[in-house]
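Read the following with the sequence and the model side by side.

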Amino acid sequence: MVAREAHSGSRPLPARTTVYEVARQAGVSVATVSRAFSRPDRVNTQTRDHVLAVAAEIGYQPNPEARVSSSARTGTIALLVTDIANPHFFGIMRGASRQAAATRRSILLGETDEHPETERILVERLSSTVDGFVLAASRMTNDDLRRLAKTKPVALVNRELSGVSSVTVEHEAGTQQIVEHLASLGHRSIAFLAGPKTSWTGAKRWQSLDAAAHHLGLAATRLGPFNPTIAGGAAAADAALVSKATAVVAFNDLLALGVLHRLADRGIPVPGQISVVGYDNIFGSDFSSPTLTTLGGPADQMGRAAVELVVRMIREPGHSTTSTRQILPSQLTIRTSTGPATGRTT
C-alpha cells in the first residue's frame, strides 16, 4: 500500500495548519489536541476551550476521517521515504516489510518527495490509522519529530535525534575510507557535491569528509546543494569541473551516476581526468561505465532494525520513553570510477 501527497513539479505545497502547530501554540501535547476534538470528555473543560480557541484562531480543521481511538491497534506500520524511485530505499523497504510480516503486521509505504510539509501532512493523516512510524531520511524539524515521538512509536532511518530511536550507517570511519582511498591515489583536492539542505545524512557526510581531508592535509570544498537524482548530476558535474578538484564525492549514488553521464557527454575521461565517488552502493552502481566507487551499508538490516524498534515500543509502551540508537557498519566498494590523480587542464 502506498500513500502519497500529490503536488505539481517541485513547487512547495501551500501552507497548511497542522495539529502540531495547534499543540505548539496552545502549549499542550499533540495527544491533548487530538482528544479535545475526538474525545472531549477526556480533557478538562478549560484546556479543551483553550485548544479549540487556538485552533479556530489559526484555522486548523481536524481530519473528519481521523476517528480511530489512539488506543486502537491497526496492525500497520507506516514507512515514509523521500524518494520511492531511489534504489537505496529498496533494501530498507524490503527489510522493513519482511520484519513486519514476521510479526504479523503490514507496511504502509508513503513518499515525501523531499518536502518537510508533505511529510508532516502524511504523518498527520496516517497517525490515526497506523500503530507507528519508520521515517527514512526524514526532513521534518527536530521539534516536529520529538512531538510525534511523544504520541506514536517512531524509529528514524538515516537520521539521529536525541530522544528519538534511530538506525543509521556509520559515517565517520566510512567517509575516512573514501578520503584515504583518494589520497592514496595522489588526489589533493576533493569537491563534495551536496544534496538537500535539510538532509541530516548529507550534513554528517560533509562534516566527516571535511575532517578527514583536513587530517590528511587535503583541500575539501562543498558545492551545491544539488537535486539528489541522476538529473541533478549535470549541474553538479559542471560545478565540479569549475572547482578544479581532481576528485568528487557525491551526496548519493544517483547524483554520482548523473555526474558520470554528464562527464561522458562532455568528453571528460573518468577516472583519467577526474575521479568520482558516491554513497549508498545502490543496485545498478556497478552497471555504469565506469563502474562506481561507493560507500554503502546493509540497507535490508536498517529496515528490519527500525521495524523491530517500533514493534518493541508498541508491545512495551515503556520503551517509547527511552530512545535507542543503532549504528550499522559501512564499507567502501572500490570500482573503476576512481584512479590516480592527474593534472587538471579544464
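A salt bridge is a side-chain nitrogen of Lys or Arg within 4 Å of a carboxyl oxygen of Asp or Glu. Side chains of opposite charge can pair when their charged atoms come close. The structure is a predicted model, in which local features need pLDDT of at least 70 and side-chain atom pairs count only at pLDDT 80 or more, while totals for chains, interfaces and linings use all residues. Residues are numbered from 1 along each chain as its sequence is written, and side-chain values use heavy atoms, with hydrogens and water left out.

There are 11 salt bridges in the structure. One of them links Arg-24 with Glu-21, whose closest N and O atoms are 2.6 Å apart. Because Arg-24 and Glu-21 are three residues apart in helix H1 (residues 19–26), about one helical turn separates them. Helices (H or I, at least four residues) and strands (E, at least two) are DSSP runs, numbered from the N terminus.

Two packed helices are described by the angle between their axes and the distance between the axes. Axes here are lines fitted to C-alpha atoms, for helices over the stretch in contact, and angles run from 0 to 180 degrees between N-to-C directions. Helix H2 (residues 30–38) packs against helix H3 (residues 45–58) at about 95°, and their axes are 9 Å apart. H2 and H3 are therefore roughly perpendicular (angles under 35 degrees count as roughly parallel, over 145 as roughly antiparallel, 65 to 115 as roughly perpendicular and the rest as oblique). Contact means heavy atoms within 4.5 Å. On the H2 side, Thr-32, Val-33, Ala-36 and Phe-37 meet Thr-47, Arg-48, Val-51, Leu-52 and Ala-55 of H3. The residues of this contact comprise six nonpolar, two polar and one charged. Ala, Val, Leu, Ile, Met, Phe, Trp, Tyr, Cys and Pro count as nonpolar, Asp, Glu, Lys and Arg as charged, and the others, Gly among them, as polar.

Next comes the backbone. Gly-224 and Pro-225 are joined by a cis peptide bond with omega of about 15°, and Pro-225 sits in the loop between strand S8 (219–223) and helix H9 (233–243). Lys-244, in the loop between H9 and strand S9 (247–250), has a positive phi, near 70°, although Lys-244 is not a glycine.

Grid points are joined across faces, edges and corners, and a volume is the space filled by probe spheres set on the points. The second largest pocket holds about 450 Å³. Its lining has 25 residues, with Asp-113, Glu-114, Pro-196, Asn-227 and Pro-228 nearest the centre.

Notes
On a 1 Å grid over the protein atoms alone, a cavity is a set of points where a 1.4 Å probe fits but cannot get out, and a pocket is an open set with protein on both sides within 12 Å along at least five of seven lines; lining residues have an atom within 4 Å of a point.
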